Amino acid sequence: MEVVSSSHSCLAFHQTPTSARRSLGTGLGLRHTKFARPRKSAVLCVGRASNPGDSGKLHVSRSFDVSDVDAALQGISKKVGQIEKVSIPGLPEGPDSSQISTGLWEWKPKLTVYYEKSGTKNSKAPAVLFLPGFGVGTFHFEKQLMDLGRDYKVWTMDFLGQGMSLPCEDPAPKAMAEEDEESYWGFGQDSQPWADELVYSVDLWRDQVQHFIEEVIGEPVYIVGNSLGGFVALYLAASSPHLVKGVTLLNATPFWGFLPNPARSPRLSKIFPWAGTFPLPSVVRKLTETVWQKISDPRSIQKILRQVYADHSTNVDKVFSRIIETTEHPAAAASFASIMFAPMGQISFQEALSRCQRQDIPISLMYGKEDPWVTPYWGIRVKQQVPEAPYYEISPAGHCPHDEVPEVINYLLRGWLKNVESEGSVDLPFLEDSSFQEHGVSKELEFVRTGSKKSVSVRLFGSQISLWSQLSSFLKRHASNIRVVSR
C-alpha cells in the first residue's frame, strides 16, 4: 500500500496465515475443515495528505481500464414455453475489468474510513455508492466495482466499527496490570477522550456516508445498499435528499436497533443505563466475551454463509477469509457490543421510505427470493408502499444477491440507472412491453460463469400486487416442504 503522507492516525490491517485457510475448497463445502486462528496483526499508521487539495485523504492508486459496455443491455432473447429466456453478459475478466484502487479517509480524529473506488476516469458518468451489510465490507462489492466501473464512477466503504474501518487505537484500554495476551480492546474502565461519545449506531453511519459523499466523492450519488446498507441508504436519502439521485435496495433490513433513540424519545431512553458507549459495563463485557467466542468461531461463520447463500456452489472462500480476518481485530468484540446495544435511528424504515417518496427519489428493489432473514414478504411490503418502484425477485438467490448472482444484479442496475438518467426514455429491464407494468412478467436470465452456462429466474412484479396472495403462496410452499420432510 502506497501512503501519500502520515501524521497522527493509524489503521490496523490483519494478516491471516495461509495455513488458516489453505484447506478451503470451492463453494460452501467446508464441513470437515480445521481452522487455525490467526493472532498476528500489523498496524499501519496513516494520516491526512500533506497536499491541501487532498486534505483528509490517503489512497493507493492503480491504473484504470475503462471500456464501453453498452452491449450489456443488448440481451439476446428467445421464448421457451411461457418464459422468455434472455442472454446477458457474464463478468469481465483480466484486462477487460475496471481496476480497483483503495483509500483511507480520516473523517474524525482516530476514526478512519477504508474505501475502494473504480472507474473514476469516467468523469461524465454518474457516481454509484455501494453500502455493505453487517459483518462484511468493501470486498463484498468487488464484482460490482470490476464490472460497473467500466461505465460509472463506483465507490464502496466499510462502516465505522466494521471491516477495515475498525479503530486503530483502543477506545477504552485496560490498566497495565489487567492486560493479557488475549485482551480485547474497549474492555477497560475509562474511555479515551476521542471515544467519549462514540457509539456505532445507524445515526453515526448515516453521518459517515453523508460526509463521505460531500468530502470525498464530491457530487450526488446513486446509493445501492444490501441488508444494513440498504437501511442506511434509505435513511440518508430521507435525511439529505440533495445528495442522493436514487436508491436501490438489495434485501434491505427493514429495522435496526432495539433501544429508543434519545433524540426521538428522550424520557424513554433515560430508562436504559447503557446504549453502546465506551467503556463497556462489566456485565456487558462478560456477556460479550461469551457471545463473541461463539459467533466468531469459523464454524459459526461457515454455518451463516450456508444459510444466506441459496446456491451452495457459489465460491465464498474470499468472503469467508475476510470475515475471519475482521474477527481477529482486537477492537472487533467491543465494536460488536456497541452495535448491538446502539439505539435505533431517529426515523423508522417506513418513515424514511415515505420521505423518499415525497421527495421523488427514485427507488428500485432487487431481492433474493430464498433469503431466510429478509424474506420476500418485506420486499413486497416496500413495493406496496411505493408502487412505482420496480421490484425484481431473483431465484435462486439469498440474502446477498449482488455476490451470489452479480451478473444479474449488474444487468438490472445498468438498466435502472439508464432509465433514471434518461428520465424514462430508456425502458426499465423487462418493461419493453408496457402491458407488463400492471401485472408483471417473469424471465430466465442466462449467462456464462467460469465456462459454464447458468440460468436464474427473475420476476418483475407489476403495480397490481396482492400481499395476501404472496403470503398464501409462501405458506403453501413451506407447508409442502414440511410434509415432504415428515415423510
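Me: Is tryptophan 105 buried or exposed?
Reply: Tryptophan 105 is buried, at a relative accessible area of 1%. Buried means under 20%, exposed over 50% and partly exposed in between (1.4 Å probe, protein chains only). The model is predicted: local features need pLDDT of at least 70, side-chain atom pairs 80 or more, while totals for chains, interfaces and linings use all residues. Numbering runs from 1 along each chain as its sequence is written, and side-chain values use heavy atoms, without hydrogens or water.

Me: And tryptophan 107, buried or exposed?
Reply: Tryptophan 107 counts as buried, with 10% relative accessibility.

Me: How many aromatic pairs are there in the whole structure?
Reply: The search finds 22. Tryptophan 105 and tryptophan 107 are stacked, because their ring centres lie 6.1 Å apart and their planes stand at 20°. Rings of Phe, Tyr and Trp (its six-membered ring) pair with centres within 6.5 Å; planes under 30 degrees apart are stacked, over 60 edge-to-face, the rest tilted.

Me: What about tyrosine 184 and phenylalanine 187?
Reply: That pair is tilted, because the planes are at 40°, with ring centres 5.3 Å apart. Both tyrosine 184 and phenylalanine 187 are buried.

Me: Which residues form the aromatic cluster?
Reply: Phe134, Phe159, Trp205, Trp256, Trp292 and Phe336 make up one cluster. Trp205 is among the buried residues of H2.

Me: How many residues of helix H2 are buried?
Reply: Twelve of the 16 residues in H2 (202–217) are buried, and the helix is mostly covered. Helices (H or I, at least four residues) and strands (E, at least two) are DSSP runs, numbered from the N terminus. Just after H2, glycine 218 has a positive phi of about 80°.

Me: New topic: how many salt bridges?
Reply: The count is 17, taking a Lys or Arg side-chain nitrogen within 4 Å of an Asp or Glu carboxyl oxygen.

Me: Where does arginine 414 find its partner?
Reply: Its side chain meets that of aspartate 151 at 2.8 Å, N to O. Arginine 414 belongs to helix H12 (406–421) and aspartate 151 to the loop between helix H1 (142–148) and strand E9 (153–157), so the bridge ties together parts 263 residues apart in sequence. Arginine 414 is buried at 4%, and aspartate 151 is buried at 16%.

Me: And arginine 264, what does it meet?
Reply: Arginine 264 forms a salt bridge with glutamate 351 (3.5 Å, N to O). Arginine 264 is in the loop between strand E11 (244–250) and H4, and glutamate 351 is in helix H9 (349–358), so parts 87 residues apart in sequence are tied together. Arginine 264 is partly exposed at 48%, as is glutamate 351 at 26%.
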